[in-house]
Amino acid sequence: MATVRVLGIDPGLTRCGVGVVDVAADRSAVLVHVGVIRTDADLAIERRLAGIASGIREILDLHRPDVVAVERVFAQQNRSTVMGTAQASGIALMLAGERGLPAATHTPTEVKAAITGYGSADKRQVQTMVARILRLDVLPQPADAADALALALCHAWRGAPRAGAATGGSLTKAQQAWRDAERRTRV
């Protein structure tokens, strides 16, 4: 059975969650790696971003994913938080591009809906479902790590370009609409 290896990244300057899963055509999944890349808030922004880049490169080298999924930054109340998240997201997407890996972004609501069936699920619900899906004895900690795993699973299950190729499946009408909307925003 063909599998796709997905690296999920929950971007952040202080804690950047990373999770790697292998997902089979039947949607079953196996945990490969989970962790958090941490940077010190007292460091200059360029050093923090370099630290995040170094950590992601290590994961890319060690686990060789087929595709990268990153949380889409769309709105937050705190400007400094959204800026840091966007910068970390840009680093992740750039590294995927440098390696020639397909990459996609998913909103938190999209990920929660894919994993729990409810787009407004809380962190604990996401952690619980990720643990069930991956048959883990304990909840993935911290929440950033669980979110990274949820991103990877969501991406594989949503008919991602690489996952769709690996499974031989075609996109649903909703997935086609989503893909078309994303293409229109790239113009």
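Helix 3 and helix 4 (residues 123-133) pack with their axes 9 Å apart, at an angle of about 50°. This is a predicted model, where local features need pLDDT of at least 70 and side-chain atom pairs count only at pLDDT 80 or more, while totals for chains, interfaces and linings use all residues. Residues are numbered from 1 along each chain, and side-chain values use heavy atoms, leaving out hydrogens and water.

User: What makes helix 3 oblique to helix 4?
Analyst: Angles under 35 degrees count as roughly parallel, over 145 as roughly antiparallel, 65 to 115 as roughly perpendicular and the rest as oblique. The angle here is about 50°, so helix 3 is oblique to helix 4.

User: Which residues of helix 3 meet helix 5?
Analyst: They are Glu110, Val111, Ala114 and Ile115, where contact means heavy atoms within 4.5 Å. Their partners in helix 5 include Cys154 and Trp157.

User: Why does Cys154 count as buried?
Analyst: Buried means under 20% relative accessible area, exposed over 50% and partly exposed in between, with a 1.4 Å probe and protein chains only. Cys154 has 0% relative accessibility, so it counts as buried. Cys16 is also at 0%, and therefore buried.

User: How many disulfides does the whole structure have?
Analyst: The search finds zero, a disulfide being a pair of cysteine sulfur atoms within 2.5 Å.

Definitions and conventions:
Helix = DSSP H or I, 4+ residues; strand = E, 2+ residues; numbered from the N terminus. Axes fitted to C-alpha atoms, helices over the stretch in contact; angles between N-to-C directions.
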